[in-house]
Amino acid sequence: MNTIILRTVAPVVTALTLLFSVFVLLRGHNEPGGGFIGGLIAVSGLAIYGIAFGTGAVRRALRFHPMAIAGAGLLIAMLSGLVSIFAGVPFMTGLWITPSLFGTDIPLSTVISFDVGVYLVVLGAITSIVLALEQEPGPEFPAPALRGTTSRRAETAAFAREGAPDPVTKKKRRKSGGKR
Amino acid sequence: MAATTPALTFAALMLPFLAALLAPMLSRLMGHRAALVLALAPALACLHFLSFLPEIAAGESATGGYVWVPSFNLSFSWFLDGLSLTFALLITGIGTLIVLYSGAYMKGHPQQGRFLAFILFFMGAMLGLVVSDSFLMLFVYWELTSIASFLLIGFDHDRAEARRAALQALVVTGGGGLALLAGLVLLWNVTGITQLSLLLHSGLPLSASPQYFAILLLVLAGCFTKSAQFPFHFWLPNAMQAPTPVSAYLHSATMVKAGVYLLMRLQPVLGDTPAWEILLPFFGGITLISGALLGLRQTDLKMMLAYTTMASLGLMVMLTGFGSDHAIEAAVLYLIAHSLFKGALFMVAGAIDHETGTREISKLGGLRKAMPVTFAAAALAALSMAGLPLFFGFLAKEEIYLALVDGNPRAIFFLCLAVIGNALMGALALAIGFKPFLGPNRPDLGPVHEGPWGLWLGPVVLALLGLLAGVFSGTAHQYFSTPMASAVLHENTVIDISTVPHLGLPLLLSVLTLILAGLVLLQLETARGLMRRLFDALGPGPDRGFDHAVQGLIRLSVVLTRILQPGRLEIYVTATFILLALTLLVPPFLFNEFPAMPAFPQTVALHEWVFLGIAVIGVAAVLRAADRLTAIVALGIQGFAIAVLFLLFGAPDLSFTQFMVETLSVVILALVMTRLRLTPSDHRPLLQRLFDGTIALACGTGFTLLLLKSVETPFDNALTDFFNAYSKVIAHGANVVNVIIVDFRGVDTLGEIAVVMITGLAVLALVRVRAGTKTELGAGGAKRTATAIPIGKTAAKAPTTKAPQAKPSTGRPDR
């Protein structure tokens with residue numbers, strides 16, 4: 001939705017949503033929340049950003065490929081489980097340490113790093129799906145031959161997921177449309 | 001004593017695998033000399049097993065092993081008696097020679113390391129097979145030998161025939177292996193025993209069990225495929241596509257005998273029944289005669305040997321199943337003799353091929369001066385195979401005839417088969433052992449000379465052993481034949497046949513066999529032509545049948561795929577939901593398990609009514625929506641209302657997740673809709689709408705019934721109490737739901753997030769594939785190509801794009 005309101009609000013909303021998602025992730029151990037739900041919240045924040053500025057902007061903002069993020073998450077979760085080997089207890093046993101920082105006890109555990117892994121997997125995988133679907137078959141994909149071009153265009157307008165200050169996509173669309 | 005230390009035995013069993021791992025590296029470092037080092041592995045293992053000899057010869061057996069999975073009663077355990085020890089010695093002894101031989105035979109081959117690794121890998125598997133005590137270990141090793149054989153037959157994977165032969169061998173022997181697994185599992189079910197040694201000692205009357213016949217057939221399917229019995233024999237000649245060391249080792253001396261080994265091993269348990277004594281001699285006899293006749297047709301040394309191997313295996317199976325003690329003893333003697341002379345002859349064939357470049361018997365001749373050592377080995381081995389006195393092969397043949405000389409018609413029938421088979425094999429043996437070496441020199445072969453020592457050491461040692469074992473038959477019997485026969489019979493027996501000819505019917509039959517063999521040898525050309533015409537007249541054999549079966553399978557799967565995967569999303573969705581509705585509704589009807597009408601609460605708070613109402617309105621809006629986007633959003637409304645209800649009834653976590661899932665589903669569904677390029681609104685005809693609506697209602701009703709039924713059962717608080725009590729204490733978390741997810745059931749979650757990630761990857765791949773195929777289709781029409789090209793041009797200019805997209809007519813982008 002290429003409206004000025006959305007494009008003004010989107011960065012703020014996204015930033016707040018992401019912050020909130022981390023908050024939900026961390027409070028999960030004692031109050032409603034956790035990695036799954038936190039990850040889903042983060043995805044919805046990124047989705048808003050994508051709707052406002054296009055997928056290219058999201059990809060640039062993420063820096064890494066979403067699947068790489070998911071992979072890293074899986075690795076973190078796996079490693080959190082493996083830590084217990086060094087303590088001589090079964091795989092995935094939760095281990096806690098409580099270092100004191102400036103007088104405050106901070107409980108840290110492999111359980112929390114596992115939850116971070118869950119968060120990253122959900123964030124990465126679902127974002128990847130959303131971005132892949134959201135993306136116009138543009139430079140990233142070869143253009144499909146279009147059938148029923150008009151209805152498709154009307155539909156695109158209706159669903160308008162492409163706000164796109166993404167120069168590549170825009171240029172392509174204009175040009176191909178002109179030649180057609 | 002070394003024999004009593006299980007660690008050493010374990011090391012001996014693992015040594016070939018270790019050597020296999022080292023082989024590629026060593027070959028890179030040392031070239032063909034690596035074989036010298038690698039041969040140490042089987043040699044050491046052989047020495048270790050030799051240390052068992054006195055114990056086993058005294059009639060004892062040795063078991064050992066380690067517990068593997070105690071909860072399943074599984075162990076890695078071995079069982080050494082006369083049978084398995086003789087096999088182990090054959091495998092490691094011949095294996096040592098084969099590794100040395102391979103070093104010389106494959107000298108300079110760029111893939112020599114890989115080859116040696118495969119050979120050693122096979123050796124480890126085969127060794128494990130024959131000493132295995134537990135059924136599972138036996139099966140695992142059994143299949144490992146099949147895989148090793150696949151790798152070795154297909155070693156020259158550039159050639160289509162080698163690939164086909166490898167695949168064929170794998171399908172036939174691997175399929176048989178599965179049958180064997182079923183047989184072993186059934187055996188375990190019936191007896192409750194998972195170890196061969198216990199099974200042999202239990203003395204259970206298995207033949208009385210109603211499952212006996214099924215067990216027998218399944219085990220026979222495994223053994224017959226492995227040991228190339230008719231009608232599964234066709235893979236063995238094709239397996240000659242493998243390099244010659246492989247043929248000498250796997251496909252004559254060891255692997256193909258695995259089936260015979262298992263038959264002998266299970267003889268005390270499964271034998272002595274009419275079924276056993278009919279099936280084994282029958283199929284063995286057919287294999288013997290057809291193998292010998294098919295062998296006559298060939299002119300390639302290796303192929304001739306391959307068919308005689310098949311015939312010999314048939315003979316062993318026939319004797320094993322014949323049902324008398326003498327027959328078993330004969331089978332044992334023949335098995336040992338065969339390993340020695342056939343291994344030697346194969347290696348001779350390989351040496352001739354290596355030095356002259358041909359294996360065609362008609363092109364060979366006069367090599368005796370050029371290759372005297374090889375000739376000596378070939379002659380000795382051939383004479384043993386033909387069964388001349390002094391040789392071990394003679395003893396085996398005498399014992400065969402001794403076993404089969406009996407008044408009854410059955411014995412006479414099989415005696416005739418044995419005489420004919422032996423005579424034909426004898427003729428082939430003499431042809432292979434002498435024809436290439438005698439006669440005038442063949443100048444067309446060029447300058448020929450003796451191969452390096454590695455090429456003749458193996459045949460010479462094996463051929464000499466065949467002679468020595470015959471001459472010093474007492475020692476050979478004491479240490480090998482007698483313990484082995486005793487193990488097969490599972491009672492003490494003594495073999496005392498010696499090489500001094502004693503007058504009697506067996507000797508007469510031996511002479512008759514030799515005369516027959518001589519006659520066939522003289523008329524070999526005629527016989528060959530005759531056999532060619534005979535088998536051409538018989539038409540295509542099971543080898544062709546295998547091809548037809550494979551093609552048929554492919555065609556069937558194509559047809560099935562077309563039916564089951566027509567490629568229309570509506571059909572998939574309709575089928576899925578019809579099935580779902582049936583699954584939900586049919587069982588309650590069948591078992592009359594309907595839930596009782598639930599009791600409505602007396603008071604429902606106003607806000608609860610409101611959210612229920614919103615949910616219903618959402619559903620109604622979905623049905624009434626004019627276009628798809630509205631419908632999707634309306635579905636979201638309904639989902640949100642449900643999420644609020646979860647919140648009201650004390651499940652905040654669930655509710656949270658539901659909110660997020662609903663939000664994202666609306667976004668993703670809307671995106672999918674744009675991708676699918678549907679018309680914005682729904683244009684299904686009325687009839688279709690009614691049909692789809694009925695399915696939807698049926699599914700909904702089914703789920704309602706299921707939910708009502710499941711809340712009817714009294715709620716078990718055990719888990720709730722457990723988690724409430726321990727969540728804070730053990731896992732330091734107050735949020736029980738999350739503690740379960742990340743701590744109590746952490747491994748589940750790990751699996752789940754892996755699934756989430758795989759789903760993401762799959763969606764990504766699907767979206768890309770779809771984009772790719774569309775271009776391919778689009779490039780077909782001229783108009784579309786015209787559309788596509790400008791896009792391609794633009795894309796080529798775009799900095800982020802890669803080259804392939806600039807030419808859309810090539811279709812699929814290679815990413």
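Cys699(B) is buried in this predicted model, with a relative accessible area of 7%. Cys223(B) is buried too, and its relative accessible area is 1%. Over all chains, the count of disulfides comes to zero. With the cysteines covered, here is a friendly tour of some other features, one topic at a time.

**Chain A at a glance**

- Chain A has seven helices and four strands in its secondary structure.
- Chain A holds 180 residues, and 48% of them are buried.
- Take the contacts in chain A between residues at least 6 apart in sequence: 63% of these join residues that are at least 24 apart.

**A hairpin in chain B**

- Strand β1 of chain B covers residues 62–69, and strand β2 of chain B covers residues 74–80.
- These two strands pair in the antiparallel sense, over seven bridges.
- Within that pairing, Thr63(B) stands opposite Phe79(B), which belongs to β2(B).
- Together β1(B) and β2(B) make a hairpin, with four residues between the strands.
- In the turn of this hairpin you can find Asn73(B), which has a positive phi of about 60 degrees.

**Two helix pairs in chain B**

- Two packed helices are described by the angle between their axes and the distance between the axes.
- For helix α15 (residues 301–322) and helix α16 (residues 325–356) of chain B, the angle is about 170 degrees and the axes are 9 Å apart.
- Sorted by class, the contact of α15(B) with α16(B) has 17 nonpolar, five polar and two charged residues.
- Helix α5 (residues 82–105) and helix α21 (residues 473–489) of chain B pack at an angle of about 130 degrees, and their axes are 7 Å apart.
- The orientation of α5(B) and α21(B) is therefore described as oblique.
- From α5(B), the residues Gly82(B), Leu83(B), Thr86(B), Phe87(B) and Leu89(B) take part in this contact.
- Their partners in α21(B) are Phe480(B), Pro483(B), Met484(B), Ala487(B) and Val488(B).
- The contact of α5(B) with α21(B) divides into eight nonpolar residues, two polar and no charged.

- Most residues other than glycine have a negative phi, and most peptide bonds are trans.
- Arg63(A) is not a glycine, yet its phi is positive, at about 70 degrees.
- You can find Arg63(A) in the loop between α3 (55–62) and α4 (66–87) of chain A.
- Is Arg63(A) buried or exposed? Arg63(A) counts as exposed, because its relative accessibility is 74% and the cut-off for exposed is over 50%.
- Ala228(B) also has a positive phi, of about 55 degrees, although it is not a glycine.
- Ala228(B) sits in the loop between α10 and α11 of chain B.
- At 0% relative accessibility, Ala228(B) counts as buried.
- The loop between α10 (212–226) and α11 (235–238) of chain B also contains Pro231(B).
- Phe230(B) and Pro231(B) are joined by a cis peptide bond, with omega about 0 degrees.

**Two buried loop residues in chain B**

- Gln298(B) belongs to the loop between α14 (274–296) and α15 of chain B.
- The relative accessibility of Gln298(B) is 15%, so this residue counts as buried.
- Setting aside residues up to four places away in sequence, Gln298(B) touches Met303(B), Met304(B), Tyr307(B) and Arg528(B).
- Thr254(B) lies in the loop between α12 (244–253) and α13 (257–270) of chain B.
- Thr254(B) counts as buried, with 1% relative accessibility.
- Leaving out its neighbours within four places in sequence, Thr254(B) is in contact with Ile91(B), Phe122(B), Met126(B) and Tyr249(B).
- How many residues apart in sequence are Thr254(B) and Val520(B)? They are 266 residues apart in sequence, and in space they are 29 Å apart, C-alpha to C-alpha.

Technical notes. Residues are numbered from 1 along each chain as its sequence is written. Chains are lettered from A and ligands numbered from 1 in the order in which they are written. This is a predicted model: local features need pLDDT of at least 70, side-chain atom pairs count only at pLDDT 80 or more; totals for chains, interfaces and linings use all residues. Side-chain values use heavy atoms; hydrogens and water are left out. Two strands pair if DSSP finds at least two bridges between them. Axes are lines fitted to C-alpha atoms, for helices over the stretch in contact, and angles run from 0 to 180 degrees between N-to-C directions. Ala, Val, Leu, Ile, Met, Phe, Trp, Tyr, Cys and Pro count as nonpolar, Asp, Glu, Lys and Arg as charged, and the others, Gly among them, as polar. A disulfide is a pair of cysteine sulfur atoms within 2.5 Å. Buried means under 20% relative accessible area, exposed over 50%, partly exposed in between (1.4 Å probe, protein chains only). Contact means heavy atoms within 4.5 Å. Angles under 35 degrees count as roughly parallel, over 145 as roughly antiparallel, 65 to 115 as roughly perpendicular and the rest as oblique.
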